[in-house]
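The following exercises are to be worked with the sequence and the structure in view. Each task is followed by a solution in steps.

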Amino acid sequence: MLQCIFLLSDSGEVMLEKQLTGHRVDRSICDWFWHHVISQGDSFKSQPVIASPTHYLFQVVREGITFLACTQVEMPPLMGIEFLCRVSDVLSDYLGGLNEDVIKDNFVIVYELLDEMIDNGFPLTTEANILREMIAPPNIVSKVLSVVTGNSSNVSDTLPGATGSSIPWRAAEPKYANNEVYVDLVEEMDAVINRDGALVKCEVYGEVRVNSHLSGLPDLTLSFANPSILDDVRFHPCVRFRPWESHQVLSFVPPDGEFKLMSYRIKKLKSTPLYVKPQLTSDAGKCRVNVLVGIRNDPGKTIDSITLEFQLPPCILSADLNSNHGTVNILGNKICSWTIGRIPKDKTPSLSGTLLLETELERLHVFPTFRVGFRIMGVALSGLQIDKLDLKTAPSRLYKGFRALTRAGEFEVRS
Amino acid sequence: MVFRFGTDAHLYDDPDDVNIAPLLDSKYDSEKCEALKRLLALIAKGLDVSNFFPQVVKNVASQSLELKKLVYLYLLHYAEKHPNEALLSINCFQKDLGDPNPLVRAWALRTMAGIRLHVIAPLVLVAVNRCARDPTVYVRKCAANALPKLHDLRLEEQKSTLEEIVGILLNDHSPAVVGAAAAAFASVCPFNLSLIRRNYRMLCEILPDVEEWGQIVLIGILLRYVIARHGLVKESVMSSLQCTDNFHSEKDVSDDDFRLAKESNHSGACDSEFVNMVSRGYIEGPDEYFSRSSYAKRVPFELNDAQFTSGKSNEDVKILLYSTSPLLRSKDSAVVLAAACVHWIMAPKEDVKRIIKPLLFILRSSNVSKYVVLCNIQVFAKAMPSLFAPYHEDFFIYSSDSYQVKALKLEILSSIATDSSISSIFKEFQDYIRDPDRRFAAATVAAIGICTRQLPKMAHICVDGLLTLTRQELLTKDLGSRYQEADVLVQATISIKSIIKQDPPIHEKVIVQLVRSLDSIKVPSVRAMIIWMVGEYSSLGEIIPRMLTTVLKYLAWCFTSEALETKLQILSTVTKVLSGATGEGLSTFKKVFRYLVELAECDSNYDVRDLACFLKELLSYNFISQGSQGVYSLSEKDLHIVVNCIFRKQREVKTESINYQFYLPGSLSHMVLHTAPGYEPLPKPCSLLLDDINEPEGTRIIMKEAADYSGTDDHGTSSDPSDNESASDYGSQHSFSGSRSSGHGDDGESNEGNDNADLLLQISDIGNAAENQNGVFHSSPANLGELMSNRALESWLEEQPGSSNPGMLEQSRP
């Protein structure tokens, strides 16, 4: 089981340590770790499991903060990693984002949370709803109160009822004047277009997010008009397994507030909303670049926040790139980013220019991959449709809302 | 600054800008809180503030819950340093344990158990016992969590009480308690599977409702129980362990059911050998693995039919599979992997495919677990390529993947490629080769070579592609070293070489083309490889023998400007050609040879000079001074044999059987590729006997071990046993990494092909063997970390790495 958790800032400073068992872990392990981060760079930071000379380390990096956990004995590595992710989610939720300052400013809350989340190296209470009742998140009211009265207790005096309930994700029965439940379909489209311009793969990874403010103990059922297109699904623990198996119906008692009800994958889609056509021709130590972006399949709603990003190959000395629409920036690490926004009606956005190769090179032999970003409000590109949402014993006034959003996930065009 | 108002920012920035001691003695709770927050900030910064302990401990009696919480946080951090003062707090805990507020009871129990003092252990045990029957779920859960803390103190006499409480909590009706109890079971008495026997059905039923963390542990326990109780499943992947006579017939039968396996013919013999290795690895402990690899001909590890059960008729197996299948849809990737592991080991082969989609799903949905999941898929995919073959697109590489992930995906792709998917995979590979990340491009080229080895049909296309690639790379020859272009070229040549090796005659033209491009290739190792091919295939076909004179002349001409590697290879190649030559070219070859030897004898490098001298002596009587017949003169035929023996021995080398240690999927040891302390293989099938309830094997070991610990404790009361244990863990790791480097020195040459991981394995295994010798290691499946008792460790350290180690290393290598 885990023996110690460290929180490191992006400059390698140990902001916090929490010893979990009697087997104390010395801080010097962080020096060892950071030394390797510096000498090996990103490839070390992307290793989730590391065997150091004295300990096994698990690391998760979020917003520049490194969550580092140590153990000396066998344990499922994914358990350590998932737990660190949970810690970072809870902290980011409590503190409204993660950065060095916000952790230092609220270190007492971080300690209290960690103490509640893990006991003797084994996770204790990780359910966000229960944690919120045990330790109040910092908010403006409590801040003002603490300044005025000098009393700043954020630790609850009573044990949240849900700790013993068979539905631990739902806090004690809340009461709302307006009963509302909103369902969002949020989809990410992954696509790979190879150098011949062929669509190698195109699939959607989607999530059903629910925001529920319902009094009492609501029992909801959600069904889709076309569940057969779903390739695979994963559920929040509140979803009952058997109704899904038999009728593809989601039956659940929701947590209060916002949560991810399910995630799904839909594979083998036939087309993408956008086309991106890169052309690179190189000779005599130069490379002409020309990239066209346009709408291939109109999804019926505006496509906005279109961006295109690519890494210039290391053998390029300088680049002179211009576009007829949007702005082009070349960042310090040779990443070129083209912000298009929306596609104008009168012209096709294009990026063109020349890359100057290093002197010995006659022609370019490596070619960059273009990463595409976009966002479409109001459409689930996979075509998944919600049929209906029912509430057993519906209250007199119930508002239901549905929304959809698709954005680019791993959308890559090779040149 | 505005945003920081009202937070504890000022406390973190300047924790000691006021005098903390008077604040602690203040009569206002708010001032005490502030003082404790300042102390906490100092702890966070890594400073030692244990000198405030006596003052802090007084505040434990406070009624304010926030103050209590802060005091507890401080207390747990320092209790071990101040055992006497910590005792002062015990009365308060005792009082709190009777508090009507369950939160107060739970906190008191958590802290009391967490301060880890031997003196109060009996009191804690009473408290835990009471809390285990508390009406509040949360308190019972904390009681379960307190058990491993007590177990850490190694109290021999209370062992049975602890196990009893574990039993009570496992029987709890609340899923939250059962999850924590499972964790307690895993650390207190993992071998006392009879405890599970009582509640098996109930545990299976409650499993889907348990919290995710408890699920992970409980799944593992249930799996171990079923194997120990009923044995392995006949229809499962593990069936390859059945006696070899039955094995073949068994395989035929299962092939009929398993149409997927039939589809891919290439996954034939080597495949089942791999499966056998893998499944054997799951059951064998590191010590058994070691003994097997050191005495190659020892009794092979086999299980008889009695140790197998039928997955179709055994109720317990069916229930386990039934209750873990919803967990394949869990949002927690660790749960999914644990459930997948059960199905991989226990499910009939035709049902194993159920785990594929969930595993592929977590590849996409949780970025952080990607690498760990891929590491596990890699083994599944190698053992049963047909499982993942239809899903090859999921392993296509994104430019955002890290290099480690890319390399793993390439490896998986090359092991699951089939005749139907290979064309699209190659299309992808062609794109990857043009990627700006040249290390990745080189890995891709190597993967092409591996694919072709499995699908010989593709050889022609591959070789053509690789040849174009080498030619293309030549354009950038001068930049080679700077952009790692050389790597790509080297990998391409290695791949071509291995393809040619499979069927040299049909690739004759490829060799010719390579030789023609020799002049423009500047990378020494690539030149060396091509020159090697000249010698190796000098008599192949019709074109090559005719080219030989020109090629050899060219080599002689450029000899002085070559790198060491290439020079050595030129000498060997010329010798090879000479020994096999007849007729017209012979005189030219001799001239070239003599010229080269003369050049080489004056070379600045001693390796080259030595080789030249050796070759000169070897061939002198036959070729250099034709006249006199010396004593050592060899006939031409003999010479041919000698040269063949020296230079062409590679041909005789068989592909060695795979001999790695495999670890259970989802384990830490599998990730780091050595046995992590505390790693346990699966129990021996059917080792849990029905009447074996009173004292199973595992208990005895731990009891004995606990005795060891209490023994050490008697000498020095101040030295805490748990400290000792962590020290021994530390020591073992240390010496282990030390011996790794010494191992490298010992066998640098003989073991080049072996990867580091293999070496790690062997060395970590030596540790065990040494323990065996010391007679401390009583039985096979025991907790390694716990068994590293000081005595064994010290004697082992003394032996390392001097006397016993090299011998061991040699033994372990057949």
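**Exercise 1: The fold of chain A**

In this predicted model, chain A has 415 residues, of which 58% are buried.

Task: Determine how many helices and strands chain A contains, and describe its extent and its contacts along the sequence.

Solution. 
1. The assignment of secondary structure gives chain A eight helices and 23 strands.
2. The C-alpha trace of chain A extends over about 75 × 60 × 45 Å along its principal axes.
3. Consider the contacts in chain A between residues at least 6 apart in sequence: 68% of them join residues at least 24 apart.
4. The accessible surface of chain A amounts to about 16500 Å², and carbon and sulfur atoms hold 49% of that area.

**Exercise 2: The interface of chain B and chain A**

Task: Characterise the interface by its residues in contact, its buried area and its composition on the side of chain B.

Solution. 
1. Contacts link 114 residues of chain B with 113 residues of chain A.
2. Between them, the two chains bury about 10200 Å², with 55% of this area on carbon and sulfur atoms.
3. Polar contact joins 42 residue pairs between chain B and chain A, counting pairs with both residues at pLDDT 80 or more.
4. On the side of chain B that touches chain A, the classes are 54 nonpolar, 28 polar and 32 charged residues.

**Exercise 3: Salt bridges**

Solution. 
1. The criterion requires a side-chain nitrogen of Lys or Arg within 4 Å of a carboxyl oxygen of Asp or Glu.
2. For A:R86 and B:D332, the N to O distance is 3.9 Å; the pair therefore counts as a salt bridge.

Conventions: Residues numbered from 1 in each chain as written. Chains lettered and ligands numbered in written order. Predicted model: local features only at pLDDT ≥ 70, side-chain atom pairs only at ≥ 80, totals over all residues. Heavy atoms only, no water. Contact = heavy atoms within 4.5 Å. Buried area = accessible area lost by both parts, 1.4 Å probe. Polar contact = N/O pair within 3.5 Å; in protein donor to acceptor, adjacent residues only side chain to side chain. Nonpolar A, V, L, I, M, F, W, Y, C, P; charged D, E, K, R; others polar. Helix = DSSP H or I, 4+ residues; strand = E, 2+ residues; numbered from the N terminus. Buried < 20%, exposed > 50% of the residue type's maximum accessible area, 1.4 Å probe, protein only. Areas by Shrake-Rupley, 256 points an atom, 1.4 Å probe, with all protein chains shown as cover.
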